[in-house]
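Let's walk through this model together, starting with the overall fold and then moving in to single side chains. Keep the viewer open as you read.

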Amino acid sequence: ERMVHLRMFVEALFVLLVLLTLLMEVVELVQCVLVTGSIQGYFASVWNYIDLISIGFFCTCIILWGVMLESFNSFETMHRYDVYLDNNQAARLLELGQGR
């Protein structure tokens with residue numbers, strides 16, 4: 001239980017930091033446009049390309065993590081498999097997937 005809360009906290013912190021990084025890049029872009037009057041000044045630095053690519057990767061990771069969590073929540077298994085016809089019989093291991 002405690003580890004679940006710790007994991008949720010770290011995941012939320014990661015999302016918050018990615019959003020903060022994205023906000024900082026948008027502010028930098030707007031400041032560059034206001035100062036130079038063009039968006040070309042922002043893209044003159046290779047580091048801004050690297051920042052945008054890494055933020056894109058982080059956002060992709062967040063989206064895929066959410067999709068994975070949703071698929072885990074909707075995953076259902078059968079609760080019981082009839083392995084024995086009665087208690088005196090040998091196991092029917094090859095018939096597990098057929099269900100009854």
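**Two helices and what lies between them**

The protein has 2 helices and 0 strands, where helices (H or I, at least four residues) and strands (E, at least two) are DSSP runs, numbered from the N terminus. This is a predicted model, in which local features need pLDDT of at least 70 and side-chain atom pairs count only at pLDDT 80 or more, while totals for chains, interfaces and linings use all residues. Residues are numbered from 1 along each chain as its sequence is written, and side-chain values use heavy atoms, with hydrogens and water left out.

Of the 100 residues in the protein, 7% are buried. Here buried means under 20% relative accessible area, exposed means over 50%, and partly exposed covers what is in between (1.4 Å probe, protein chains only). Contact means heavy atoms within 4.5 Å; among contacts in the protein with a separation of 6 or more, 31% join residues 24 or more positions apart.

Now look at how the helices pack. Helix α1 and helix α2 (residues 46-74) make an angle of about 150 degrees, and their axes are 10 Å apart. The axes are lines fitted to C-alpha atoms, for helices over the stretch in contact, and angles run from 0 to 180 degrees between N-to-C directions. The crossing of α1 and α2 is left-handed, meaning that the near helix is turned anticlockwise from the far one by less than a right angle. From α1, the residues that meet α2 include Phe14, Val15, Val18 and Leu22; on the α2 side, Ile55, Phe58, Ile62 and Trp65 are among them.

Glu25 is worth a stop. This residue lies in helix α1 (residues 2-36), and beyond its close sequence neighbours (up to four places away) Glu25 touches Tyr42, Asn48, Asp51 and Ile55.

Side chains of opposite charge can pair when their charged atoms come close. A salt bridge is a side-chain nitrogen of Lys or Arg within 4 Å of a carboxyl oxygen of Asp or Glu, and the count here is 1. Glu11 and Arg7 form a salt bridge at 2.9 Å, N to O. Both lie in helix α1, 4 residues apart, about one turn of the helix. Glu11 is partly exposed at 22% relative accessible area, and Arg7 is partly exposed at 39%.

Next, follow the chain to Tyr42, in the loop between α1 and α2. With a relative accessible area of 2%, Tyr42 counts as buried. Leaving aside neighbours within four places in sequence, its contacts include Glu28, Leu29, Cys32 and Leu52. Tyr42 and Leu29 are 13 residues apart in sequence, with their C-alpha atoms 5.9 Å apart.

Finally, the cysteines. A disulfide is a pair of cysteine sulfur atoms within 2.5 Å, and the count is 0. The closest cysteine sulfur to that of Cys61 belongs to Cys59, but at 9.3 Å it is too far for a bond. Cys61 is partly exposed at 47% relative accessibility, whereas Cys32 is buried at 16%.
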